[in-house]
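These notebook entries record what I looked up in the structure shown below.

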Amino acid sequence: MIDILLVSANDTCATQIGAMLRDSGIAHTLRTESGAARALVKHASLIRKADLLIIEDSTLAAADLAAIEEASGHAPNLSCMLVTAEVSTDMLKAAMRAGVRHVLSWPLDATAFARELAHVAGKKNAHTRRAGRVLAFAAGKGGCGTTLLTANVGYALAAARDKRVLLIDLNQQFADANLLLSDKTPPATLYDLGTQIDRLDAAFFEACVARVHPNLDVLAGAGDPVKAAELRASHLQRVLALVRDQYDIVLCDVGQSINPLSIHVLDQSDAVGVVLQQTVPHLHATRRLLDLFGQLGYASSKTRLIVNHYDKREQVGLDAIERTLGMKPAHLLPHDAKSARHAVNQGVPLYTVAKNGALTKSIDALATLLCPLETAPRKRMFARLFTAKPGTRQQLKPGH
Ligand SMILES: Nc1ncnc2c1ncn2[C@@H]1O[C@H](COP(=O)(O)OP(=O)(O)O)[C@@H](O)[C@H]1O
Ligand SMILES: [Mg+2]
């Protein structure tokens with residue numbers, strides 16, 4: 001998405017440029033101001049916020065280039081495009097020296113214009129491209145807190161660690177992840193996006209997600225299980241390919257739905273958090289899930305066990321979990337009914353209702369395990385990707 005400021009000396013030309021921008025297919029925002037190039041300086045604050053400044057001035061004189069140089073000089077990442085009458089070679093060189101990188105003559109050639117825009121968009125993407133890491137949360141049995149955990153880890157990474165986070169809700173049975181973070185109806189669901197997959201680009205995607213925090217977007221799951229079944233893995237493949245460049249972290253709430261769609265996400269995931277509780281049925285279901293992961297060829301180091309509602313007095317202790325599942329839990333989350341109930345009933349993150357609650361703090365610690373602080377050297381960061389090594393265990397305070 002490029003932010004464009006158009007300063008135009010002629011309203012008719014400005015309207016035509018606006019129409020050509022729309023036809024170009026390049027995702028953009030446009031702000032138009034009237035004025036000649038020589039008066040550019042009065043738009044200095046708008047120029048600083050733009051990715052592309054288009055100056056349309058058919059009566060441009062060499063003396064006006066100083067104003068362009070002055071106005072764009074304070075915005076090092078700004079691209080500057082000049083649209084003017086026929087230009088001489090000398091004028092072209094002078095414009096380049098003044099910092100103008102794209103000079104087009106009026107009437108504008110649509111193909112040349114779109115090519116220059118694509119160049120600007122490519123430059124911006126190269127600056128802002130992110131190495132989106134995909135992390136999935138799954139569980140053998142429902143109701144063990146997978147969605148609560150995914151939503152709140154997402155919030156912790158976005159709000160407290162300044163990561164650009166996307167949460168994709170893959171639950172096929174009445175998806176609810178967005179309800180834990182917002183009371184607003186999402187603009188679209190994963191299913192809606194799948195039905196219009198040919199329109200998929202950064203701008204369309206942005207229009208489909210619910211922005212629940214400036215750093216956290218949610219792509220809501222299909223509210224209808226029949227429709228959800230129509231989604232194809234190839235749709236998700238396209239979505240993931242697009243969003244990996246736009247977000248630091250892509251969290252997927254897989255829940256209990258294991259199907260071609262979620263298997264695609266699990267395949268693509270850098271790590272998978274498997275959530276369980278301390279009961280025998282959970283052990284059985286989790287064992288089956290881990291066996292399935294084995295059949296899918298996942299290395300056991302990809303999986304991290306997360307015990308929710310942990311209580312050291314429970315009959316099914318950590319030793320039994322390790323014996324049955326062949327790995328130690330990497331993180332233990334306490335039971336905290338009051339905070340969880342407040343948060344889910346109000347549709348807000350745990351941080352909002354219980355910033356210092358035991359569950360909130362434990363989820364925060366989990367977020368740190370998933371995404372170690374950036375100051376850590378790179379090698380160490382990968383070694384610690386998505387939690388501590390198997391065998392290390394998040395300790396709870398005595399009493400839990
Ligand atoms: N650690 C916890 N302490 C108390 N309640 C919890 C905890 N984790 C989850 N819950 C509650 O359990 C219920 C089920 O959680 P949910 O995230 O919907 O499970 P799942 O997605 O695995 O089906 C929700 O009401 C949620 O608030
Ligand atoms: Mg759920």
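This is a predicted model: local features need pLDDT of at least 70, side-chain atom pairs count only at pLDDT 80 or more; totals for chains, interfaces and linings use all residues.

Entry 1, helix pair. I listed the contact of α10 with α11, where A233, L236, Q237 and L240 in α10 meet P260, L261, H264, V265 and Q268 in α11. Contact means heavy atoms within 4.5 Å; helices (H or I, at least four residues) and strands (E, at least two) are DSSP runs, numbered from the N terminus. The residues of this contact divide into six nonpolar, three polar and no charged. In this count Ala, Val, Leu, Ile, Met, Phe, Trp, Tyr, Cys and Pro are nonpolar, Asp, Glu, Lys and Arg are charged, and the others, Gly among them, are polar. I then noted the geometry: α10 (residues 233–243) and α11 (residues 260–268) pack at an angle of about 35 degrees, and their axes are 8 Å apart. Axes are lines fitted to C-alpha atoms, for helices over the stretch in contact, and angles run from 0 to 180 degrees between N-to-C directions. The crossing of α10 past α11 is right-handed, that is, the near helix is turned clockwise from the far one by less than a right angle.

Residues are numbered from 1 along each chain as its sequence is written, chains are lettered from A and ligands numbered from 1 in the order in which they are written, and side-chain values use heavy atoms, with hydrogens and water left out.

I located S257 in the loop between β10 (249–255) and α11. Is S257 buried or exposed? S257 counts as buried because its relative accessibility is 15%; buried means under 20% relative accessible area, exposed over 50%, partly exposed in between (1.4 Å probe, protein chains only). Beyond its neighbours within four places in sequence, S257 touches L170, N171, Q172 and S262.

I traced eight strands in the order β8-β9-β7-β10-β6-β11-β12-β13, with mixed pairing; two strands pair if DSSP finds at least two bridges between them. β8 (210–213) and β13 (331–334) each have a single partner strand, so one side of each lacks a neighbour in the sheet. Neighbouring strands are turned by 25 degrees against each other on average, direction ignored. Within this order, β11 (residues 271–276) and β12 (residues 303–310) pair in the parallel sense over five bridges, and V272 has T303 in β12 as its bridge partner. I also found helix α16 (residues 358–370) lying across β6, β12 and β13, at about 160 degrees to β13.

β1 (residues 2–8) and β2 (residues 28–34) run parallel and are joined by seven bridges; L5 has R31 in β2 as its bridge partner. The chain passes from β1 through helix α1 (residues 11–24) to β2 in a right-handed β-α-β crossover.

I noted a cis peptide bond between W106 and P107, with omega about -5 degrees; P107 is in the loop between β5 (102–105) and α5 (110–128). Which phi does D162 have? Phi of D162 is near 55 degrees, a positive value in a residue other than glycine. D162 is exposed because its relative accessible area is 60%. H309, in strand β12, has a positive phi of about 60 degrees and is not a glycine. H309 counts as partly exposed, at 29% relative accessibility.

Conventions. A crossover is right-handed if, with the strands pointing away from the viewer, the path from the first strand over the helix to the second runs clockwise.
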